[in-house]
Amino acid sequence: MAEKIKIALAGNPNSGKTTVFNNITGTRQHVGNWPGVTVEKKSGLIKYKGTEIEIVDLPGIYSLTAYSIEEIVARNFLIEEKPDVVVDIVDASNLERNLYLAVQFLELGIPLIIALNMVDVSDARGITIDVKKLSEMLDVPVIPTVARSNKGLKELLGQAVKVATEKREWKPVNICYGGDIISGIDDIEKLLEKNDTYSGKYPPSWLAIKCLEGDQPILDMIKGDEMIGQACFKIREKINKHILATLDQDAESLISDYRYGYIVGITKEVVKRERESRLYLSDKIDRVLTNRILGPIIMLLVLYGIYEFTFRGSEAPVTWFERFFELVSTIVSSILPEGIFRSLIVSGIIDGVGSVLSFVPLLMFMFFAIAILEDSGYIARIAYMMDRILSWFGLHGSSVMALIVSGGIAGGCAVPGVMATRTLRSSKERIATMLVLPFMNCGAKLPVFAMLIAAFFAKNEAMIMFLLTLLSWGFALVAAKILRITVLKGAKTPFVMELPPYRLPTFKGLLIHTWERTWMYIKKAGTVILAISILLWIMMTFPGLSKEEINSFKDRKGALIQEFLSTPGVNKIVKTGEGINSFDKYYDIYTRGSERKKEIVRAYDRVKKGIDKIDFDEQGAALEGSFAGIVGKALTAITSPLGFEYRVNIALVGGFAAKEVILSTLGTAYSLGEGVSEEPEPLSVRLQKEPGWNQLTAFTLIIFMMLYVPCFVTVIVIKKESSWRWALFAIFYSLVSAYVVALVVHQAGLFLGVGV
Ligand code: BGO
């Protein structure tokens with residue numbers, strides 16, 4: 001005998017639920033009350049093509065929160081009784097409002113079909129709904145009906161029975177609620193998964209959302225669990241406090257904004273109106289900002305404006321920071337005696353970490369601009385517009401946000417970017433997104449780019465950064481297309497872009513968001529980057545030169561000094577080689593003296609320069625012979641066609657750990673080879689003076705860094721979110737891509753004589 005199936009009818013009050021129920025069940029109705037409450041419970045038993053069906057009419061509700069008895073009754077029924085399918089009766093003439101409940105069913109993951117009722121009314125009002133597209137976007141069957149005249153009800157029942165007999169598992173849909181809420185959901189979800197009592201009954205992600213929404217029955221239930229409950233409440237409190245401080249609203253209303261944003265994203269695509277109904281302010285702004293022609297132009301101007309603002313605004317403070325670290329370097333050098341300890345402090349720590357910290361002001365300007373885009377809601381519009389382009393390259397609409405978070409607007413981070421791919425339903429689209437998002441210009445690459453741009457493209461800083469942004473998107477999209485037609489071949493899935501309403505950012509909120517990101521960068525510089533800098537300094541300093549080598553350099557210096565001492569007249573003021581610096585106090589007087597005295601000055605200049613050159617050669621030889629130098633040198637066999645010398649190779653190896661390390665390692669490597677008597681100067685100035693460095697070398701290095709290997713933490717997160725296979729693939733394919741593209745850039749540059 002066929003199994004009995006249970007269908008629940010749900011919907012907003014006045015959506016036509018009773019009419020549907022009456023027309024389907026006819027006279028076979030049973031009317032009573034829901035247990036414990038006086039809310040009317042109607043159910044009916046019917047037979048459809050031999051299958052026995054129980055139809056339960058849920059009370060009319062607007063949402064699945066626990067504000068009213070009706071909502072609690074409906075929710076408990078769904079959770080406790082788990083009907084085989086929910087038929088959501090949606091009023092087509094009031095789609096936006098009615099979809100709010102539908103979206104909550106999707107979040108719960110319950111098998112769902114939608115009866116798009118009252119299409120006669122929507123038609124009469126000049127509202128056309130693209131039913132096929134709506135069904136694709138929501139990924140559920142949608143059946144247009146006119147319940148009053150029984151139109152479409154047979155088909156509706158047929159579809160309901162079809163879905164119900166599939167008996168599929170609950171599949172909660174993830175809506176992107178923005179970084180703060182998502183991290184809260186993740187943390188709470190992880191805790192709740194530990195307790196089978198709830199996680200077996202409710203989808204943990206749904207419970208986590210309810211917890212952040214402040215749903216009382218759910219909070220009461222969790223409270224009972226001492227360990228998990230306490231921890232969940234702490235997270236909830238932290239997130240709420242943060243959102244209140246930054247956006248001046250609570251988590252519940254922010255979640256509701258994003259849900260409506262999700263719905264607006266759908267209705268924008270599927271609803272066409274003959275006569276424009278009342279437009280809200282957000283709609284009016286969107287008519288300009290997301291206009292098909294004006295929108296992309298404004299978007300590019302905004303992006304360029306951000307880079308102008310960042311580079312112009314931070315120019316002076318970055319110079320102050322650089323000067324500060326130079327000063328610290330000079331003071332420490334003068335206090336500490338020459339030797340290994342001074343080298344560690346000055347070259348390893350101050351020059352290394354200082355190079356990274358000098359860019360704090362630049363990042364602050366960038367983060368401030370990004371905070372304005374995020375807090376105002378414009379970033380969602382950028383995602384909405386980019387989505388059209390992304391779909392040509394086989395990526396999903398939800399990939400856009402992940403790419404933006406990863407540094408689509410320079411300054412992001414690939415780690416939350418990988419997490420953000422959780423909103424993608426298809427695993428192939430998700431992995432394709434994960435694999436290409438490390439190409440974006442994250443906040444760690446930004447200071448390295450900024451240093452190279454300042455050194456070699458100082459006149460066009462904003463323009464170059466703008467170009468690099470376009471290039472990183474270009475590379476990511478082409479790579480995605482290649483992946484989607486080869487190893488990740490598969491069908492496209494429907495998508496919805498959340499468009500939450502615009503809001504005016506608060507200054508306090510902007511400052512908090514800016515500082516949070518900046519502090520993370522400073523913390524990373526003071527911990528991970530510092531540790532790796534010291535490690536790399538050790539690798540670049542040891543084993544050091546052999547005794548014979550040291551003696552040979554000493555002999556060369558000795559010969560020079562002897563030459564100086566034998567200059568006529570010198571023996572009167574300088575007796576020994578160790579004391580030649582004592583000539584400094586005579587220097588000025590001798591410069592203005594007789595021809596013989598002037599000759600002594602010239603000889604002194606020669607010996608000083610010569611000693612400097614020998615010191616430079618000695619430190620260079622020590623670096624070349626160091627552990628890191630040996631590796632760097634060995635790699636030149638591969639990297640010389642790209643124009644990279646061994647010190648760049650060392651930095652790039654260090655960059656596997658974290659991209660900022662490239663900057664600190666270049667800082668250390670080029671300071672180790674610096675002449676002893678030279679004044680400390682910023683890395684960008686040092687590089688300009690280095691032979692072999694020019695615009696082409698700098699640009700090739702930027703392109704290589706943009707593409708080569710995700711940082712260590714990103715690789716681990718990719719592994720966690722997919723598998724070791726894909727994490728290792730990410731390293732391998734990005735390394736190959738970086739090499740090929742950089743080779744083409746460098747060789748083409750040489751051939752055309754550009755930037756050499
Ligand atoms: C009255 N099209 C149209 N045009 N109307 C519909 C449709 C449809 O597809 N489906 C339902 N209705 P309920 P809930 C009414 O009762 O089923 C109408 O709350 C009236 N009543 O006929 O009750 C339906 O169970 C006097 O209208 O909804 C009903 O979800 C004048 O939508 C109303 C006009 O349906 C609500 C209408 C005395």
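Lys49 is exposed, with a relative accessible area of 74%. This residue belongs to a predicted model, in which the protein chain is divided into five parts: domain 1 (5–165), domain 2 (179–277), domain 3 (294–449 + 459–484), domain 4 (529–541 + 625–751) and domain 5 (547–611). Between the C-alpha centres of domain 1 and domain 3 there is a distance of 47 Å.

**Backbone features in loops**

- Lys49 is located in the loop that joins strand E3 (40–48) to strand E4 (51–57). Although Lys49 is not a glycine, its phi is positive, at about 45°.
- Asn150 is another residue other than glycine with a positive phi, here near 65°. The loop that holds Asn150 runs between strand E8 (142–144) and helix H6 (153–166). Asn150 counts as partly exposed because its relative accessibility is 44%, which lies between the limits of 20% and 50%.
- A cis peptide bond links Phe542 to Pro543, with omega near 10°. Pro543 is placed in the loop between helix H23 (507–541) and helix H24 (547–565).

**The pair H9 and H10**

- Helix H9 (residues 204–213) and helix H10 (residues 216–223) have axes that come within 8 Å and cross at roughly 105°. The two helices are therefore roughly perpendicular to each other, since the range for that description is 65 to 115 degrees.
- On the H9 side of the contact are Trp206, Leu207, Lys210 and Cys211, and these meet Ile218, Leu219, Met221 and Ile222 of H10. Of the residues in this contact, 7 are nonpolar, none is polar and 1 is charged.

**The kinked helix H17**

- Helix H17 (residues 378–392) has a kink of about 35°, and the kink is centred on Met386.
- H17 is mostly covered, as 11 of its 15 residues are buried. Among them are Tyr378, Arg381, Asp387 and Leu390, together with Met386.
- The elements that cover the buried residues of H17 include helix H12 (251–270), helix H13 (281–289), helix H14 (294–335), helix H16 (360–376), helix H18 (399–408) and H22.
- After H17 comes Gly394, which has a positive phi near 80°.

- Ala480 is part of helix H22 (residues 461–485). Ala480 is buried because its relative accessible area is 0%, and the limit for a buried residue is under 20%.
- Beyond residues up to four places away in sequence, Ala480 touches Phe393, Leu395 and Val436. Ala480 and Gly261 are 219 residues apart along the chain, and their C-alpha atoms are separated by 27 Å.
- Ser472 also lies in helix H22. Ser472 is buried, with a relative accessible area of 0%.
- With residues up to four places away in sequence not counted, Ser472 touches Phe439, Met440, Asn441 and Met706.

- Ile243 is situated in helix H11 (residues 226–247). A relative accessible area of 0% makes Ile243 buried.
- Leaving aside neighbours within four places in sequence, the contacts of Ile243 are Asp180, Ile181, Asp248, Gln249, Asp250, Ala251 and Leu254.
- Ile243 and Thr506 are 263 residues apart along the chain, while their C-alpha atoms are separated by 12 Å.

Technical notes: Residues are numbered from 1 along each chain as its sequence is written. This is a predicted model: local features need pLDDT of at least 70, side-chain atom pairs count only at pLDDT 80 or more; totals for chains, interfaces and linings use all residues. Side-chain values use heavy atoms; hydrogens and water are left out. Helices (H or I, at least four residues) and strands (E, at least two) are DSSP runs, numbered from the N terminus. Buried means under 20% relative accessible area, exposed over 50%, partly exposed in between (1.4 Å probe, protein chains only). Contact means heavy atoms within 4.5 Å. Domain bounds come from an automatic or database domain assignment. Axes are lines fitted to C-alpha atoms, for helices over the stretch in contact, and angles run from 0 to 180 degrees between N-to-C directions. Angles under 35 degrees count as roughly parallel, over 145 as roughly antiparallel, 65 to 115 as roughly perpendicular and the rest as oblique. Ala, Val, Leu, Ile, Met, Phe, Trp, Tyr, Cys and Pro count as nonpolar, Asp, Glu, Lys and Arg as charged, and the others, Gly among them, as polar. The bend at a residue is the angle between axes fitted to the seven residues ending there and the seven starting there.
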